[in-house]
Amino acid sequence: MKAMRAVVGIFATDRNTEGEARSQARWRRAATIAMLAAIAAAIVVGGITTPNFLTFNNLLVVIRNASITGIVALGMSYVTLSGNLFALSAEELAILSACVFAWLMHAQFGLLASLAATLLLAAASGAVQGGIIALGADPIITTLAFGALFRGCASLVSENKNIALGSKAAEWLGTGRPLGVPTQSWAFVILTLAAWFVIENTRFGRLLLLTGANRAAATATGLRVGEAALVAVTLLGIGCGLVGISAAAQFGLAAANLFAGLNIDVVAAILVGGISLRGGQGSPIQAALGATFIALMQNFMLLHDLSTGVRMTVVGCLVAAATCAFHALQRSRA
Amino acid sequence: MTHRSHGPNHAVLKGGLAALAVAAAFAVAPGAQEARADGNGLIVVFMPPGTDNYLAQWQVGARDKAKALGYDIKIVENSRDQAEEDSQVQQEIASGEKVAGYIWWPFVNAAGVGSLRALSQTGVPVIATNQFPVKGAEKYWLAYAGVNDFFNAQVAAKMLLKACKESKTVKCDKGLIFTFPAGYSAGSDRRKGFIEAAPELKVIDTVDTGGFMQQEGYKVASQVIPAHKKDLSWVYTENDSLATGVIQALKENGLQPGKDVLVVGGTCHGDTTNLLAGEMVGTGIQAAYLEGAQSVQTIYKYLATKKVEDGEVYLPADPDKPPPDEGAPHKYNFIPNPSVGNTKEDLDKFRLWGMTFAQLCNY
């Protein structure tokens, strides 16, 4: 209630702020519609120019391939919205989670205990980073340092070898297809809806947006701004834990060199989705759509037999173009 | 305007983060802090990171052999970044450290030629390893020791052709090749070697996976296979990790590896699940441990004889004994790359240089 009063307080202190909040909501809707339009356009162009593109199975594959990046991007969107740019330890925490989960399964701790311990570790790893950022540390430097630590730990846990789970108990988590749709895709869709609900309808969502939009005002009105960073990075940690478990379960093994390039992919999803790097503007839905759009473009290029170099170049151009476009739009609104 | 508060905790935080960064650096690059002892001298290795399973096992082999031959070894790892590796070379040379020999494993072979030249100009013998040296750079290295990627792929192609001949359910015709990332010369060498050894197999497409692991193999294969599944009779993946991902994508598309499609990776790794299930036609023993050991042995042989024999040599695939340390190395020294079948009996009875399949492929 105290926080709610503080939120109301923020609106009350500035007669323009209420209008600003409405403007931000309009921005989120406009960005979401723009991303949906871009996805629709890519599907139409791909369908016309590419055999085997516009099939139900191929679109399922696209969602499946967007899901790993997408699930982490949902958590990352909270970090960005809270005004803390990015956590550049996501890839490494996912690797560590995969290795720890595989190690626990291999050591026959059982599925439930291994799941619980891995998710707890991932959440705690996020919370520690979030706590340090909440105390005022730079989010990029903090998470880079922790990223190196997580990768080193993954290397030690795995002894730089493949760790076989040694059990098929977790197989369904990685390869199951309820109603014909991969488990990762279900997780991606459900988590997207949950993340959107949190931002739009909960106290934490409002705290996140207000802290990101104006940290000084949020602090002045008594909002616990540190809580935003702490919870945001903790949620990102849980997302990393989930994708780590999923990857280990999918192949029945894990190693310290999984998830190559995940940090870059996640940042690209955030930028292409149009979430403001300054914080406070955007929605997890945009991150999910950004990840889906990139996966769609990757699929389109792969079916046209383009090499990794070309695929990376195009994604880089997309990120640059999206960043410029959203920046120009924001300036024009100011 | 956004504002970040700066409280009294900042100094403590900065100190803590610095300590964390230092601790992390030690955790990530243990090879950089080798103990020095009196011996035959120091061997310095430049290579991609040991967080990769193959490279980690390579390091174990190199360290064991260096210890056996009385050398200290310093392994300088880059994070899959040729610019970083180039910078490490400059720093090492500038340090003035007395070095008995360098081992050079570039991340991007062609882009690393400048650093290779700089190493050669120190007058210290340079052994190239793993990445078959690019043409025109021969004068910058003394000898090559390691895998022959052409040969590795040819072994895989022969295994596949044999399986095609013996299969009662698959008539091998069209297939797909999944490759390592563009720019990684081992990948293009393997592709060429495979195509050269199996001209009767029609290649529908060569697909760049952008990686080496099962995850990258699956990600790309799950998108490409639906378009070709009606024509597909074989798949070559350049290693068994990529094959693991491709096999899963094949199954999800209703194709049973070993029955509908024949799959070969050609480079074993720690997990034999797909192999023993008959989903791979066999595998090849490209042992990282032996490659590391042989690279160190090549420096030793040169320093002992001050000679390099012309031409190439394939070290014998003796089941019991490793090759002797005596004699001069050749210009090209290749580790053996024998094939193994896909039954438990095949794996159990396999021996190379006194080591078992599990010991050689456990990475």
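Here are some friendly notes on this predicted model, point by point.

1. **Ground rules.** Residues are numbered from 1 along each chain as its sequence is written, while chains are lettered from A and ligands numbered from 1 in the order in which they are written. Since the model is predicted, local features need pLDDT of at least 70 and side-chain atom pairs count only at pLDDT 80 or more, whereas totals for chains, interfaces and linings use all residues.

2. **Confidence.** For the complex, the predictor gives an ipTM of 0.84 and a pTM of 0.83. Chain B has a mean pLDDT of 89, with 90% of its residues at 70 or more; pLDDT is the predictor's confidence in each residue, from 0 to 100. Please keep an eye on residues 1-9 of chain B, where the pLDDT is below 50 and the model has 16 contacts beyond near neighbours in sequence. Another stretch, residues 22-37 of chain B, stays under 50 and has 26 contacts beyond four places in sequence. A contact here means that the C-beta atoms of two residues, placed from the backbone, lie within 7 Å.

3. **The interface between the chains.** On chain B, 47 residues are in contact with 47 residues of chain A. Helix H1 (9-28), helix H2 (53-69), strand S7 (202-208) and helix H7 (214-228) of chain B each bring at least two residues to this side, and H1(B) gives the most, with eleven residues. Helices (H or I, at least four residues) and strands (E, at least two) are DSSP runs, numbered from the N terminus. The side of chain B that touches chain A holds 19 nonpolar, 21 polar and seven charged residues. In this scheme Ala, Val, Leu, Ile, Met, Phe, Trp, Tyr, Cys and Pro are nonpolar, Asp, Glu, Lys and Arg are charged, and the others, Gly among them, are polar.

4. **Domains of chain B.** Chain B splits into domain 1 (30-147 + 287-335) and domain 2 (150-284), with bounds from an automatic or database domain assignment. Their C-alpha centres lie 30 Å apart. Seven residues from domain 1 of chain B and eight residues from domain 2 of chain B make the contact. The domain 1 side of it has four nonpolar, three polar and no charged residues.

5. **A residue to look at in chain A.** A:Ala295 sits in helix H13 (residues 284-303) of chain A. A:Ala295 counts as buried because it has 24 C-beta neighbours inside 10 Å; the cut-off for buried is 20 or more other C-beta atoms within 10 Å of its own, with exposed at 12 or fewer and partly exposed in between, C-beta atoms being placed from the backbone. Leaving aside neighbours within four places in sequence, A:Ala295 is in contact with A:Val62, A:Asn65 and A:Ala66.
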